[in-house]
Amino acid sequence: MIGDIVETKQCQLKDPMDLFQSGQAVKICAPMVRYSKLAFRTLVRKYSCDLCYTPMIVAADFVRSAKARDSEFTTNKGDHPLIVQFAAKEAQVLCDAARIVCPFADGIDLNCGCPQRWAMAEGYGACLINKPELVRDMVRHVRNQIDNPRFSVSIKIRIHEDLKRTVDLCQKAEATGVSWVTVHGRSAEERHQPVHYDAIKIIKQSMSIPIVANGDIKTLKDAENVHRLTGADGIMVARGLLANPAMFAGYEETPLKCIQDWVDIALEHGTPFTCFHHHLMYMMERITSKQEKRVFNVLSSTSAVLDYLNDHYGV
């Protein structure tokens, strides 16, 4: 981590808040476990992605262990603007984590939306939407202890069945100085049900800070529709970008140039084979036949993947 990071300090970090003043919907790469790491962020930035998040990092582990810091957080001077997402349940622990990343990132995000059982059992993620005072306390602590006024502090939430509770949570966070709120338009119990974009619209109308819409956005057309439906200031995409990292640049499916770029970037970053291969499986999902998938998905080495891409696609 540190080797990559040293030169970052010299560069002028961009302010993500400036993006929200542009009048355009900000195009955002979501925090994705295992996937939204430096190499993938580098790729989507080439294709009109404005703002990237790291995968969720457990703040307590990050603060306690140098090994966790080195494995969980890698960046470089081109990796901006960058938001580091933390899972936390104690204000001081979140502050300590924020202080560590502050010289190298443009902001932190508190995860109040992860619905996974392990996260909820530990007091992280979506259970925080039921603890607005704790969320307010964590935001306030970071605001008070980070000297840089341009360092953003955001939260990512799910919605309550009773939307008044969500609006209350957001307004309390806004009053404490949160920079923006990302709303995944489902409750903690909902998985594949339709996203409640109407709820995101109501939250947007109740707030004066930027609101980012998230959930089931697969194409640029989807992003434009959600922007129109909700009035959101930004659009955050997860699976849609995995399937097509060039989505924000207007491509309907992953272009071969993007696959070539991924190969070059992943090899340059020393991306582990499993991650390198999984990204390609996602990216080629729509452009390969079932028969081709059967062959490609069981390849077990970088050289085998490179040979296959060269033979079949000239990549």
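The legends below describe close-up views of a predicted model. Residues are numbered from 1 along each chain as its sequence is written, and side-chain values use heavy atoms, with hydrogens and water left out. Local features need pLDDT of at least 70 and side-chain atom pairs count only at pLDDT 80 or more, whereas totals for chains, interfaces and linings use all residues.

**View 1. Domain 1 and domain 2 of the chain.** The domain assignment gives domain 1 (16–249) and domain 2 (256–313); such bounds come from an automatic or database domain assignment. Taken over C-alpha atoms, the centres of the two domains are separated by 29 Å. Domain 1 puts 16 residues into the contact and domain 2 puts in 13 residues, contact meaning heavy atoms within 4.5 Å.

**View 2. Y251 in the loop between α12 and α13.** Y251 is in the loop that runs between α12 (239–243) and α13 (256–269). Helices (H or I, at least four residues) and strands (E, at least two) are DSSP runs, numbered from the N terminus. With a relative accessible area of 40%, Y251 is partly exposed; buried means under 20% relative accessible area, exposed over 50%, and partly exposed in between (1.4 Å probe, protein chains only). Neighbours within four places in sequence aside, Y251 is in contact with Y47, N244 and A246. Y251 and T219 are 32 residues apart along the chain, and 8.3 Å separates their C-alpha atoms.

**View 3. The largest nonpolar core around F86.** A nonpolar core is a set of buried Ala, Val, Leu, Ile, Met, Phe, Trp, Tyr and Cys residues joined through side-chain atoms within 4.5 Å. The largest one has 97 residues, of which F86, I155 and L309 touch the most other members. At least three residues of this core come from each of domain 1 (16–249) and domain 2 (256–313). Not counting residues up to four places away in sequence, the contacts of F86 include M56, I57, F62, L94, V101, I108 and L110, as well as D109 and N111.

View 4. An unreviewed UniProt entry places the feature "binding site" at P31, M32, V33, Q85, H184, A238 and R239. UniProt positions are given in the numbering used here, feature names are shortened, and annotations may be inferred rather than shown by experiment. Of these residues, P31, M32, V33, Q85, H184, A238 and R239 are included in the lining of the largest pocket. On a 1 Å grid over the protein atoms alone, a pocket is an open set of points where a 1.4 Å probe fits, with protein on both sides within 12 Å along at least five of seven lines; lining residues have an atom within 4 Å of a point.

View 5. M32 is placed in the loop between β1 (26–29) and α3 (38–46). M32 counts as buried because its relative accessibility is 7%. Its contacts, leaving aside neighbours within four places in sequence, are F40, P55, A238, R239 and L242. H184 belongs to strand β7 (residues 181–184) and is buried, its relative accessible area being 11%. Beyond four places in sequence, H184 touches K156, I157, R158, I159, N214 and G215.

View 6. The structure holds zero disulfides, a disulfide being a pair of cysteine sulfur atoms within 2.5 Å. For C52, the nearest cysteine sulfur belongs to C49 and is 4.0 Å away. C52 counts as buried, at 0% relative accessibility. For C127, the nearest cysteine sulfur is that of C112, 8.8 Å away. At 14% relative accessibility, C127 also counts as buried.
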